[in-house]
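Please read the following points alongside the sequence and the structure.

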Amino acid sequence: MSEVKLMQGNEACAEGAIAAGVRFFGGYPITPSTEIAEYMAVNLPKVGGTFIQMEDEIAGIGVILGASLAGKKALTATSGPGFSLKQELIGYAAIAEIPAVIVNVQRMGPSTGQPTSPAQADIMQARWGTHGDHPMIALSPWTVREAFDVAVKAVNYAERFRTPVIILMDEVVGHLRERVDLPAAHEIQVYPRRVPDKTKAEGYKAYEPMDDLVPNPANFGTGFRIHCTGLVHDETGFPSGSPSVTEKTIKRLHEKIMRVQEEITHYDEFFMDDAEIAVVAFGGTARTAYAAVETARKSGQKVGMIRMMTIWPFADKVIRDLAKKVRKILVPEMNYGQYVYEVERAAAGQARVVSLPKYNAEVFTPDEIQQAIERLAAEVEK
Amino acid sequence: MKDYESLFRTNRLPHIWCPGCGNGIAMKAIAKAIAKLDLDQDKTVIVSGIGCSSRASGYMDFDTLHTAHGRALPFATGIKLANPDLNVIVITGDGDCMAIGGNHFIHACRRNIDLTVVLFNNNIYGMTGGQASPLTPVDKKATTAPYGTFDRPFNPCDVAKTAGATYIARGTAYHAAPLVDLIAQGIQNKGFSFIETLVQCPTSYGRRNKMGNATAMMKHMSETVIPLTAYNRLSAEEQKTKQPSGVLHTDVFPEYAAEYAKIIKQAGGDK
Amino acid sequence: MQEIRLSGSGGQGLITAGIILAEAAVMEGKQAIQSQSYGPEARGGSSKAEVLIDDRFIYHPKVVNPQIFLAMTQQAMDKYSNDLTSESIIIVDEDLVSHPHGSQHIVKVPITRLSKEKLGRDLFANIIALGLLVKVTGAVSFETIQKAVAKRVPSATVAKNMEALRVGYESV
């Protein structure tokens with residue numbers, strides 16, 4: 001690869017997934033994610049992969065979980081209404097430890113909402129949408145190039161941790177076309193499908209965790225005859241009703257991801273050196289926030305910015321440290337207020353956290369964020 | 001008899017459909033059928049799903065319900081069971097009825113619940129920009145079938161028959177006048193009535209498949225959709241390129257809401 | 001930074017025109033963004049495409065100070081003109097926009113009529129508009145826009161599209 005071109009966020013995401021080894025896409029048309037499906041329909045067969053449009057959203061995730069169990073790196077893409085429908089099987093992927101990537105190109109909701117308008121209102125749903133206790137990895141790109149990079153990361157994390165990973169795009173980045181310089185193929189690190197560590201004769205157990213707490217269930221059809229279920233199961237993969245097994249399983253599912261929390265927490269810092277106010281933003285909003293912060297700095301405001309890429313697990317340490325460094329934190333998001341609650345929790349009262357919600361189906365303007373910064377700066381602290 | 005024009009929310013018009021779309025003709029046929037039967041406007045409910053077809057409910061002056069994608073039938077079932085005196089008409093599309101709504105479709109047929117379902121079949125997912133649907137014929141181009149479709153489409157009337165619908169008909173936007181009666185008869189049937197209505201989508205389906213403009217597409221309907229009696233006289237080979245229109249199947253079977261009323265009576269709840 | 005807004009009704013090809021303009025800018029080594037907003041109508045209604053061109057990375061992805069505002073229908077003219085300033089240049093299809101407003105700098109061209117008269121169909125109106133935009137903004141060279149259009153249109157229609165570009169370019 002390594003070429004310069006104008007590309008759409010959705011297309012870059014699909015291209016990144018293919019570069020990371022995805023060879024199976026199943027999904028259902030839904031605005032504003034459909035371009036991912038259409039790109040896959042054209043390009044997967046070119047690399048020997050399979051595209052299928054399923055009869056509905058639930059079938060869309062079911063089919064990719066099946067393909068993943070049979071050895072293919074797999075991805076599906078949707079938006080709000082479909083993301084809601086997919087929740088049961090996202091939980092299935094979590095407990096059965098099936099690598100899969102689910103792209104949610106967020107649009108205005110709830111329900112049918114405004115299909116062609118942007119929002120970032122599925123933040124909490126990405127974490128808690130499926131029932132029961134489960135960890136979640138969710139990443140949010142802010143540029144078209146990053147849509148490519150995040151797709152690669154998401155696929156790699158799904159494989160490395162044997163977990164569903166959500167890409168939280170928003171319609172802004174998903175439908176944006178901008179200049180990208182894509183990396184060359186040899187520059188892209190691809191995490192391979194994990195394989196069993198022993199043979200059946202040597203006592204292989206499909207769900208026996210390795211040192212990183214992640215098991216290596218064998219691909220179907222490779223001679224291991226494993227059993228996969230959404231019931232709570234022990235290391236053999238078979239259902240277990242034992243309280244101690246249940247407790248161990250739930251704990252391990254969380255710990256396999258939380259033990260690498262800092263490693264997988266990706267973010268950028270801008271203008272933070274002597275900042276007294278910090279803007280914490282992600283996705284399309286972060287672009288506008290950057291423009292606002294840059295302008296505010298020029299007019300003398302001591303304001304900086306944290307641009308989050310990893311939405312879940314929440315960046316506890318980053319925000320905890322931030323709250324000790326600055327006095328005020330502004331959280332602009334295209335919703336009624338969701339991510340801000342986590343920021344508030346992690347800040348633990350060390351800094352004043354202010355929500356800047358926008359929920360009229362339009363993106364922020366740099367002015368809106370800049371004015372909020374000025375209002376916050378002018379606030380007299382008690 | 002009421003003038004069918006009075007059955008529209010004229011302040012919500014003009015509609016959003018493209019010039020040349022067949023949806024307007026199908027929607028008007030429903031209004032004319034309602035007018036012909038002189039249904040009580042306050043006792044008639046129109047339920048739709050999501051898609052170009054399903055925007056129709058917003059333009060019609062009744063109690064109207066624009067549900068989530070694929071879910072018109074469960075909602076409609078609830079309305080009918082809660083108040084069996086209501087006339088419940090469902091407007092749906094390819095994907096809404098036969099893809100995501102497929103499971104609801106076969107069960108509504110199985111229950112033989114007194115709904116009248118008009119499927120606006122334009123052989124494509126129009127609203128989302130032209131993806132293939134379960135009713136897209138083989139060897140057609142769609143945005144999710146860039147190399148051509150190869151999986152066979154449903155024949156929705158066959159599915160409805162196997163699943164238990166007691167009135168099944170097919171009409172087209174070209175044959176607009178008989179369509180009114182097909183729908184009216186469906187409404188009169190006390191059971192699950194299904195009218196597949198072929199409509200042209202020149203923008204997302206026709207253009208990509210070089211089928212010409214709306215007029216050309218309707219002309220194609222006039223040539224390939226023929227009355228059932230004529231269809232039955234064709235050889236098996238000839239039948240492959242045609243579809244039968246008119247009333248295709250009727251049956252008699254207890255209707256779900258009426259049967260449940262008996263249960264209520266049996267349980268003593270009707271006093 | 002150049003901030004250009006193209007607007008009209010669904011089906012007029014303005015989003016495509018915006019994409020081609022952004023692609024041309026990238027061909028010349030610049031940073032470019034194209035974004036759009038539209039409603040449920042595939043035909044009719046109103047839609048807009050926005051193109052931002054700069055030498056450095058562009059953060060905010062929408063037009064803030066529209067320098068150039070192309071309107072191909074009165075409905076789009078009315079809907080997307082709230083943020084025009086006295087510096088904005090308005091370009092309208094003079095037959096479809098009877099009442100341009102928001103700025104004193106108004107350029108009127110019978111874009112759709114030219115498409116029908118010079119190229120036989122109104123289908124090329126968006127490419128004529130593109131040629132016109134390139135002349136007015138100087139955002140990219142004429143040679144580059146020709147290359148960008150040629151890359152995007154079906155090969156059988158390249159000649160006509162090149163003619164459309166020229167018609168637009170020479171109309172002001």
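Helices (at least four residues) and strands (at least two) are DSSP runs, numbered from the N terminus.

1. The model is predicted. In chain B, Pro14(B) is placed in the segment before helix H1 (23–36). The peptide bond between Leu13(B) and Pro14(B) is cis, with omega about 5°.

2. A cis peptide bond also joins Trp312(A) and Pro313(A), where omega is about -5°. Pro313(A) belongs to the loop between strand E13 (310–312) and helix H11 (316–325) of chain A.

3. Chain A comprises domain 1 (4–187) and domain 2 (267–378), and their C-alpha centres lie 26 Å apart. Their contact involves 24 residues from domain 1 of chain A and 19 residues from domain 2 of chain A. On the domain 1 side, H6(A) gives the largest share, 4 residues. That side divides into 18 nonpolar, 4 polar and 2 charged residues.

4. Ala361(A) is not a glycine, yet its phi is positive, about 70°. Ala361(A) occupies the loop between strand E15 (352–357) and helix H13 (366–378) of chain A. With 16 other C-beta atoms within 10 Å, Ala361(A) is partly exposed.

5. Asn123(B) likewise has a positive phi, near 65°, and lies in the loop between strand E4 (116–121) and helix H6 (156–163) of chain B. Is Asn123(B) buried or exposed? Asn123(B) counts as buried, because it has 25 C-beta neighbours inside 10 Å and the cut-off is 20 or more.

6. Between chains, 6 residues of chain B contact 6 residues of chain C. The chain B side holds 4 nonpolar, 2 polar and no charged residues.

Conventions
Residues are numbered from 1 along each chain as its sequence is written. Chains are lettered from A and ligands numbered from 1 in the order in which they are written. This is a predicted model: local features need pLDDT of at least 70, side-chain atom pairs count only at pLDDT 80 or more; totals for chains, interfaces and linings use all residues. Two residues are in contact if their C-beta atoms, placed from the backbone, lie within 7 Å. Ala, Val, Leu, Ile, Met, Phe, Trp, Tyr, Cys and Pro count as nonpolar, Asp, Glu, Lys and Arg as charged, and the others, Gly among them, as polar. Domain bounds come from an automatic or database domain assignment. A residue is buried if 20 or more other C-beta atoms lie within 10 Å of its own, exposed if 12 or fewer, and partly exposed in between; C-beta atoms are placed from the backbone.
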